Amino acid sequence: MKKITVFTPTFNRAYCLPQCYNSLIKQTNQDFLWLIIDDGSTDGTKELVENWINEEKISIQYHYQENQGMHGAHNSAYSLISTDLNVCIDSDDFMPDNAIERILTLWEKHGSERYAGIIGLDIDRQGNIIGTPFPENLKECKYYQLKSKYNVVGDKKFVYRTEVIKKYPDYPIFEGERFVPLGYKYMLIDQDYWLLCFNEVFCDVEYMEDGSSLNIFNQYKKHPRGFAHERKQRMKYSYTLKEKFKNAIHYVSSSIMVNNWKFISDSPKKVLTIIAIPFGIVLYFYIMKTTKKGVMKKNKE
């Protein structure tokens, strides 16, 4: 049995998967399994992976499924993983040569039943840390406290204990939608466990900082049920009233998009949701207007 599973959700990414593969065969510690969740690819991903399996340079498990989106791929991965630890490395990312070694060493030295796992750092292609590092004296944290309590921002890399992450519900699958924010499950885990924090680089990511809000607004519009589901949880579990209210506004907006007029009775914070209604209506119209302009601009181009 390997110690850790590196799982990679992928959809038509045969053109960039080799850099992830090459980083894994270079790992200084090979005590891992690479689990590839093929989320409906039609670009030859299966044949590419079969060639790698035949090379026998690393242990690889391949799983194909009809397209469900990133969160559906995570559901499948968590159902298949049997190693003690797991970490997700996206199809266009890769790991530094010593990443697996550092993860296993840190967990062996510091891990315990108190912790759900480890948070490490992501860097971009230029070697810059994504966002900010952890304060030097911060040894453990709750993920959703990082920004509000410690002013730590930017994408981070999670390594979770498999037995912990299997305790919590799957991401819901909504017909016609392909996205539920992954933070939903992390927030639930936050209620019961701590995470170890290390200023160690676990992943090199393809990171493009986009100053435009159009892309995220398009996501809100395309996947309103997924976002409404996550906003309900964040209203319930966020640590500050400001965060609860912000999520109530987004919840109202997403509910309007799907004509869910029972959103007040469905809300875990009914009074806060009522107060948020006018702001949610404004956000709804702003999203509709902004995304419409984006489509018109794209059509002109």
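Is Tyr-286 buried, partly exposed or exposed? Tyr-286 is partly exposed, because its relative accessible area is 46%; buried means under 20%, exposed over 50%, partly exposed in between, with a 1.4 Å probe and protein chains only.

Some ground rules. This is a predicted model, where local features need pLDDT of at least 70 and side-chain atom pairs count only at pLDDT 80 or more, while totals for chains, interfaces and linings use all residues. Residues are numbered from 1 along each chain as its sequence is written, and side-chain values use heavy atoms, leaving out hydrogens and water.

Now the rings. The whole structure holds 18 aromatic pairs. Rings of Phe, Tyr and Trp (its six-membered ring) pair if their centres lie within 6.5 Å; planes under 30 degrees apart are stacked, over 60 edge-to-face, the rest tilted.

Phe-217 and Tyr-286 are edge-to-face, because their centres are 5.5 Å apart and their planes at 90°. Phe-217 sits in helix α8 (residues 214-222) and Tyr-286 in helix α12 (residues 270-300), so the pair ties together parts 69 residues apart in sequence. Helices here are DSSP runs (H or I, at least four residues), numbered from the N terminus. Phe-217 is buried, at 11% relative accessible area.

Next, Tyr-284 and Phe-285. Their ring centres are 5.1 Å apart and their planes at 70°, so this pair is edge-to-face. Phe-285 counts as exposed, at 53% relative accessibility.

One aromatic cluster is formed by Tyr-143, Tyr-144, Phe-158, Tyr-160 and Tyr-186.

Technical notes: Helix = DSSP H or I, 4+ residues; strand = E, 2+ residues; numbered from the N terminus.
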